[in-house]
Amino acid sequence: MKFEHNYDFYLLLDAVLNEPHKVKDIVVNNRGILDAENLSGENVLSWLALENHTEGVCLLRSLGSRIPPFTLCEAIQMGNTEMVILLLELGADIEAEITSCQSAIENKIHNLSSKKKRLIRSYFKQYGHEI
């Protein structure tokens, strides 16, 4: 079963990156493909979010892909401010991730600049959350 999920993951990822006009038909023919995971447990939307691929994230979300837990937090860790605001706009579950997001923004390992921290905090504030 895990092999099938990997195949579906890479099939969808390839389509999003190289033939986005085919993605809707692929999803219509196999709704479960949106939940297919790679060996790291990421679905395609999550993988694209980490790579800061906004168009792909928007496309998959428009077709019903979920935003997995920690995707928003990982975008913060990567310092991808554009992706953070996009995930917030697309309905990422802030409540489920608020503690992790707070930790991510303050973690010295991620070395976020003061400007990025301010931007991210302001994005969350727009959605009624303080981090």
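User: Why is Asn-80 called buried?
Analyst: Asn-80 has a relative accessible area of 13%. Buried means under 20% relative accessible area, exposed means over 50%, and partly exposed lies in between, with a 1.4 Å probe and protein chains only. The value of 13% is therefore in the buried class. The model is predicted: local features need pLDDT of at least 70, side-chain atom pairs count only at pLDDT 80 or more, and totals for chains, interfaces and linings use all residues. Residues are numbered from 1 along each chain as its sequence is written, and side-chain values use heavy atoms, with hydrogens and water left out.

User: Where is Asn-80 found, and which residues is Asn-80 in contact with?
Analyst: Asn-80 lies in the loop between helix H5 (71-78) and helix H6 (81-89). Helices (H or I, at least four residues) and strands (E, at least two) are DSSP runs, numbered from the N terminus. Contact means heavy atoms within 4.5 Å. When neighbours within four places in sequence are left aside, Asn-80 is in contact with Ala-49, Leu-50, Asn-52 and Ala-75.

User: What makes Cys-58 partly exposed?
Analyst: Cys-58 has a relative accessibility of 34%.

User: Is Cys-73 buried or exposed, and why?
Analyst: The relative accessible area of Cys-73 is 5%. Cys-73 is therefore buried.

User: How many helices and strands does the protein have?
Analyst: The protein has eight helices and zero strands. Along the sequence, the pattern is α-α-α-α-α-α-α-α.

User: What makes the protein as compact as a globular protein of that length?
Analyst: The radius of gyration is taken over C-alpha atoms, and the globule rule is 2.2 Å times the number of residues to the power 0.38. For 131 residues the rule gives 14 Å, and the protein has a radius of gyration of 15 Å, close to that value, so the protein is as compact as a globular protein of that length. Buried residues make up 44% of the 131 residues.
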